[in-house]
Amino acid sequence: MGRESRTKTYYALHLDLRGKRCVVVGGGRIAERKTRGLLEGGADHVTLISPDATSALASLAEQGSIQWLRREYQDKDADGAALVFAATDSRIVNDIVLREARAAGALVNQTDEAAEGDFIAPSAVRRGPLLLSVSTSGASPAFAKRIRNELEGRYGEPYAWWAERLGELRASMVNEEGFATATKRAMLREAAEEAELDLQGERRSPQRGDETIEAWISRLASAYLS
Ligand SMILES: C[C@@]1(CC(=O)O)C2=NC(=C\c3[nH]c(c(CCC(=O)O)c3CC(=O)O)Cc3[nH]c(c(CC(=O)O)c3CCC(=O)O)/C=C3\N/C(=C\2)[C@@H](CCC(=O)O)[C@]3(C)CC(=O)O)/[C@H]1CCC(=O)O
Ligand SMILES: NC(=O)c1ccc[n+]([C@@H]2O[C@H](COP(=O)([O-])OP(=O)(O)OC[C@H]3O[C@@H](n4cnc5c(N)ncnc54)[C@H](O)[C@@H]3O)[C@@H](O)[C@H]2O)c1
């Protein structure tokens, strides 16, 4: 009999967590990492449930960045949650959290037996709107971390600037009525290529910041309308 793959197949997506209830059960090192990940990812409704917490988690609660319910997990704690992290050091408690949170319609991250949960957290590199996430589907978090480090070096801060600027260009173009849809698409592809060339040091576009979005649109348009 052939050896079966032990890893699951996951769907990649980037969630908008603003206004969504996220619950972290447990107050240790792992709960701290998951909580930081949530806050970095824009979550603004994080509830921590644990009788104790690391000093970093306690300060986040003090600052009002998270809500801390200083007690053990109780049934109904997952009600209304979108995401729940079962991050206690008790397998029994984590399994109860998993079962109840699922029944309440939440997606659950089971930290001590990740494959039993509904999702796992990737390693992330954030460069403004550009978000690179890396996962080994749980096969090797250490490998994911190494690749994340590699990407951090490869994709520096200038990518944030370009991703932001391309976003502004696209937002302005949406309201432009003077171009056919196909032309707009071609212009946006051309702009992305200019960004890439600039980032690779083969600057083809005017110096950064020297050109307004309107001037950029005109220049891109002239290439297609001439
Ligand atoms: C990305 C990141 C996000 C986050 O936690 O939010 C994350 N782990 C990170 C760090 C990290 N994890 C570990 C170390 C210590 C090792 C070291 O020293 O390097 C460090 C580093 C540190 O603490 O510095 C050990 C570890 N991790 C897991 C186990 C249990 C097991 O393997 O069963 C063990 C113990 C066994 C072991 O050692 O292998 C399990 C998981 N960890 C995952 C994610 C998920 C799968 C990700 C994937 O698909 O690859 C999954 C399945 C949990 C889940 O999310 O469900 C985060 C930031 C990484 C970064 O820096 O970018
Ligand atoms: N996902 C990962 O990346 C990863 C990596 C290593 C370990 N783990 C697993 O994650 C789990 C947590 O690890 P840790 O190092 O943070 O543990 P820890 O011992 O530092 O913290 C456990 C926390 O759970 C709390 N807790 C215990 N029972 C509770 C209950 N009934 N209700 C609420 N809170 C309760 C404790 O008070 C404590 O704050 C462990 O099961 C560990 O095996 C996960």
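Trainee: Which side chain has an N or O atom 3.3 Å from an oxygen atom of ligand 2?

Mentor: Happy to start there; this is a predicted model, in which local features need pLDDT of at least 70, side-chain atom pairs count only at pLDDT 80 or more, and totals for chains, interfaces and linings use all residues. Residues are numbered from 1 along each chain as written, chains are lettered from A and ligands numbered from 1 in the order written, and side-chain values use heavy atoms, without hydrogens and water. The pair is a polar contact (N or O atoms within 3.5 Å), and the side chain at 3.3 Å from the ligand 2 oxygen belongs to Ser50.

Trainee: How much of ligand 2 does the protein bury?

Mentor: Backbone atoms also reach ligand 2 oxygens, with Arg29 at 3.1 Å and Ile30 at 2.9 Å. Taken alone, ligand 2 exposes 870 Å² (Shrake-Rupley method, 1.4 Å probe). Of that area, the protein buries 71%.

Trainee: Which helix gives the largest share of the shell around ligand 1?

Mentor: There are 17 residues around ligand 1 (a heavy atom within 4 Å). Helix 1 and helix 4 (141-154) each supply at least two of the shell residues, helices being DSSP runs of H or I with at least four residues. The largest share, four residues, comes from helix 4.

Note on methods:
Polar contact = N/O pair within 3.5 Å; in protein donor to acceptor, adjacent residues only side chain to side chain.
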